[in-house]
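Here is a note on one chain for a colleague starting out. Please read the points with the structure open.

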Amino acid sequence: MRNRRNHSRWRRWISCLLLGSMGAGCCHRADVSYLGDPKHNYYKGRATQVEFAAVDVPATAEVVNTAPPNTLWTQQEPEIREIHLTEAIQIALSNSDIMRTAGGFLTAGSVLGANDRTSTVYDPAIQESGVLFGGRGVEAALSAFDAQLQASMIWGRNETVQNNRFFSGGQEAGTTLVQETAAFQGSLSKTFAHGGAISLNHNVNYLGNNIGTQSQAFPSVYTGNVQLQYQLPLLAGAGTEFTRVAGPIGQAFGGLSGVSQGVLIARINNDISISDFEAAIRNQIKDVEDAYWDLYLAYRNFDTAVRTRDQTLEIWEKQRVRKEIGTRGRQDESQARDQYFALASAADNARSQLYTAETRFRRLIGLAAGDGTILRPADSPVTAEFLPEWYHCLTEALTERVELRRQKWNIKSLELQYKAAQSLVKPRLDFIGNYQVNGFGDDLIGYTDAQAYDNFYQSLTDGNQTGWNLGVQFRWDIGFRSQLAQVRNYELRLAKARRVLQEQEEEISHELAFAFQELSRSFNSAEQNQNRVFAAQENVEVFRLQEQVGIDVPQGGESIIDQRLRSETRLAQAQIAFHESLVAYQKALTDLQYRKGTLLEYNCIYLAEGGWKPEAYADAKRNAEARAHAIANPYLHTAPPAFSGPSPFGGVFFTHPENELGPAPGLLDSPEAMPIPANDSSPVDELPDGDHSGAEDSPSRETALIEQTSAERPNPVPPPRAAVPPIFNVGAGAVQWID
């Protein structure tokens, strides 16, 4: 009857709750009113809108204080700033925290559109400090072998009513059993390079209750142990070689981490990152050199356009005077006037193109778009013929190209991972052993002679109660389907990487062949255009003399004025073509160094590691002294096999077609063995860079912009850019320029 009444009461409570919740859901509060004025300003009218992040990154002073750029609207003549190529390269490297490329300007692939993929000086340091899977640095990989200390302390109290005297330890039924507990757990663990792991554990448990001493020795007691445990893989994942590549097998996460979390792979990833950084620096240097000579060409084209315009203006003025005095008709004057305005427009376009080329050059070297000055190249292109030796250049290209070095690091990484993956195609068999000393006592610490086991740590240090375990742990994935798939995957990736390397080497040989062809073509074009300039100058002189002596009759259906104007146009075209071919020859020389992989060395640019903190040097010295005084173990081989080395220059040999018994002549000889003609034997030594016959003596507003302050002279075979080699400093945080 009592249970029945309780069930009825519970049913009534549930019914009331259900009806109350249903009534609350159907209630309509139409007559609710509030005090005060409504405030709706904290409500948002839309969930998604364009917003701006609140970041404390102010714009730099160089950008904020940028002067207006040079344009055709510029009234005040900008100050000319002479700049040498070596100075431009040094400025570019000093201002290149973010690597700039010529092809990315005004496109979606620039810094504005691909900031995550932009090469920066921070990339090597970012890779070095990486901690995520697939991008771990050396420090993160070494952290797998750091000793780990873990400790926990938990207190507790529990009160329960006992229903059975037999199971309550002697407590009367209906009484309350009070238990107070405490648990301490401490562990110091360490993973070794061979994959084994050792741990030292200490456990202490406290239990106190109100049962009394009728059925127990102490109302409160401390129990625990000190345990030394060791585990070593014997088959899968065993050995130092596997651990150096894949990391400790005990810390792996199956298919998530793979076999690429070791120290060697992390170091190779750092080398690949440095290779990418070096390639970005090399590409930027090439773009800077090309932009420098493009600016030189823009000045030359502007000079030619201005001089041709001034000559045409002189002809027009003479024809206008003749028209006014009646000695000539309107045809010659209008023709000269038409030609003048056409050339005036061409001169303005050349001036605008000069400003554009100067802006592009400023961007590449990291200068502001405008600062009240205009840059003008102070160097002249090389005019001596350079005849490189094919096999020597091919050897350098196959040795020094950073793309090949990067791909070889990738192959080395895949080879190591492939070998580590083969180790996993074995059962998992681990040796496990532990030894422990147990303790028991009424008190935690202290000493009395009242009775035995009154002190936990005394019984623990006595070592009378011990225990040990020894055995193996076995796991066999029958079929090894996942492991074999991983091995097959690395086989395919390794085969692909090796084939890509072969294709890259073939591609480099084609690039080098194109560089040779462009070098010969551009120099031959410069010779032909030089002769064209001489012929055009002679043609202009002939018509100029005819005009001076008064020969003014038409010849062959064309007047002398028409032929004179055409000769001036042909001279301008010849001069422009000559300077274009001369700049193309200079670019071909730069491209040859680029295709050989020696562009940075040619410009005396080297990568070097930066300085560390003084504490790091002190630690290194202390460790070196400790190792120097250590006793060598003749049975312990700690030196790993070499997997990197210096540049293998000279180790690639090619067979000459006419002699299959040895390397090609001059392959390993010094650069003096290459056939380089003397300056006086070069037909381009007398290139008419500044010779413009018939130019007026008084400089105009445009000619003042392009007059050279230093005498131009033909350069010999291009020497290194600087006497003191600048160094890029690759440190733990970033890369900086060092003089």
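1. In which strand does Leu228 lie? Leu228 lies in strand E5, residues 220-233; helices (H or I, at least four residues) and strands (E, at least two) are DSSP runs, numbered from the N terminus. The model is predicted: local features need pLDDT of at least 70 and side-chain atom pairs count only at pLDDT 80 or more, while totals for chains, interfaces and linings use all residues. Residues are numbered from 1 along each chain as its sequence is written, and side-chain values use heavy atoms, with hydrogens and water left out.

2. Leu228 is partly exposed, with a relative accessible area of 43% (buried means under 20%, exposed over 50%, partly exposed in between, with a 1.4 Å probe and protein chains only). Together with Leu149, Leu188 and Leu200, Leu228 makes a nonpolar surface patch of about 400 Å². Patches are made of residues with over 30% relative accessible area and no salt bridge; like charges are joined within 9 Å, and nonpolar side chains (Val, Leu, Ile, Met, Phe, Trp, Tyr) within 5 Å. Areas come from the Shrake-Rupley method with a 1.4 Å probe, and for residues only the protein chains shown count as cover.

3. The strands around this patch deserve a look. Strand E3 (residues 176-191) and strand E4 (residues 197-209) run antiparallel and are joined by 13 bridges; strands pair if DSSP finds at least two bridges between them. Leu188 has Leu200 of E4 as its bridge partner. E4 and E5 also run antiparallel, with 12 bridges, and Ser199 has Gln229 of E5 as its partner. The hairpin of E3 and E4 has 5 residues between the strands, and Gly195 there takes a positive phi near 100°.

4. Helix H9 (residues 390-400) is mostly covered, with 9 of its 11 residues buried. Among them are Tyr391, His392 and Cys393. At the start of H9, a side-chain oxygen of Glu389 comes to within 3.1 Å of the backbone nitrogen of Tyr391.

5. Gln407, in helix H10 (residues 402-423), is buried at a relative accessible area of 8%. Leaving out residues up to four places away in sequence, Gln407 touches Ala497, Val500, Leu501 and Gln504 (contact means heavy atoms within 4.5 Å).

6. How many salt bridges does the structure hold? There are 35, each a side-chain nitrogen of Lys or Arg within 4 Å of a carboxyl oxygen of Asp or Glu. Asp290 is buried at 14% relative accessibility, and Lys286 is buried at 14%. Asp303 is buried at 4%, whereas Arg307 is partly exposed at 23%.

7. Arg544 and Glu568 meet in a salt bridge (3.4 Å, N to O). The pair links distant parts of the chain, 24 residues apart: Arg544 is in helix H12 (residues 481-549) and Glu568 in helix H13 (residues 560-596). Both Arg544 and Glu568 are buried. Salt bridges that share partners also join one network, including Lys286, Asp290, Glu511 and Arg595.

8. For the whole chain, the secondary structure comes to 16 helices and 13 strands. Of the 739 residues, 38% count as buried.

Methods
A polar contact is a pair of N or O atoms within 3.5 Å; within protein, one must be able to donate a hydrogen and the other to accept it, and residues adjacent in sequence count only if both atoms are side-chain atoms.
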